[in-house]
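I opened the model today to look at its helices, its sheet, its pockets and its confidence. My notes follow in the order I looked things up.

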Amino acid sequence: MTKKIILTIVVAVFFVGAVAGVYLLYQKLSKQAGPDGPNPAIQNKGNYKDFIAIDNNGKEVKLSDFIGKPIVINFWASWCPPCRAELPHFDKLAKEYEGKVHFLMVNLSGESKEKVKDFVKQNGYTFPLYFDDEDRGANAYSVSSIPVTVFITAEGNIGAQKTGAMSEATLRSYIEQLLNTNKN
């Protein structure tokens, strides 16, 4: 055989292998997809990044205070339309998973605490409210647009980080994955 034929065969085999690999990856992600698209299985991707926030009573708390149960951190603002769209889902699931998962609804700086508290009260939300006045949490998790949700295992490993609004079904899927991760 000539070198040209051998090279053609090698390239063809490589191409077929690459296509097969992409197809298998697509199949795996498709099986994990939620109603809003791919939802990769939560994996331990590294240690959480600790930060200090202010709770609804003005007390400083650290993220590390919550390690021991799965944690869902949502960075949001009341002026953000996608945030407003997903807040009812967070409120509902924070009630549903109370005692099993810590929810930290972290409002970013730029709004007065009174305005945010009024917004939360007017909408009947009861989720745990925190303030990131100095952007410590936003900086720790490289938040450049909102909403951003970070899912942390009970052991303190970052399971996933999602930018953009989520449906209730997608949020529930991530939470269930967190809970299942902690059973193993």
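**Helices on the sheet.** I started with α2, which lies across β3 (71–76), β4 and β6 (148–152). Its direction is at about 155° to β3. This is a predicted model, so I read every value here as computed. Next I checked helix α3, residues 113–122. I found α3 across β1 (52–55), β3, β4 and β5. Against β5 it runs at about 150°.

**The sheet.** I then asked in what order the strands of the open sheet come. Reading across, I get β2-β1-β5-β4-β3-β6-β7, seven strands in an open sheet. The pairing is mixed. I noted β2 (60–62) and β7 (158–163) as the edge strands, each pairing on one side only. From one strand to the next, the twist averages 30°.

β4 and strand β5 (residues 129–132) run parallel and share four bridges. For V106 I looked up the bridge partner in β5, and it is Y130.

**The largest pocket.** Its volume comes to about 170 Å³. I counted 13 lining residues in the record of this pocket's computed lining. Which of them sit closest to the centre? They are A94, E98, V101, F103 and P128. Two elements give two or more residues to the lining: α2 (81–96) and β4 (102–108).

I went through the loops next. The peptide bond from I146 to P147 is cis, and its omega is near 0°. I placed P147 in the loop between α4 (136–140) and β6. I also stopped at D135, where phi is near 55°. That is a positive value in a residue other than glycine. D135 is in the loop between β5 and α4.

**Confidence.** The average pLDDT of the protein is 82. I see 75% of the residues scoring at least 70. Where does the pLDDT fall below 50? I found that over residues 15–45. In the model, this stretch still has 34 contacts beyond near neighbours in sequence. I marked residues 15–45 in my notes for their pLDDT below 50.

How values were computed:
Residues are numbered from 1 along each chain as its sequence is written. This is a predicted model: local features need pLDDT of at least 70, side-chain atom pairs count only at pLDDT 80 or more; totals for chains, interfaces and linings use all residues. Side-chain values use heavy atoms; hydrogens and water are left out. On a 1 Å grid over the protein atoms alone, a cavity is a set of points where a 1.4 Å probe fits but cannot get out, and a pocket is an open set with protein on both sides within 12 Å along at least five of seven lines; lining residues have an atom within 4 Å of a point. Grid points are joined across faces, edges and corners, and a volume is the space filled by probe spheres set on the points. Two strands pair if DSSP finds at least two bridges between them. Axes are lines fitted to C-alpha atoms, for helices over the stretch in contact, and angles run from 0 to 180 degrees between N-to-C directions. Contact means heavy atoms within 4.5 Å. pLDDT is the predictor's confidence in each residue, from 0 to 100.
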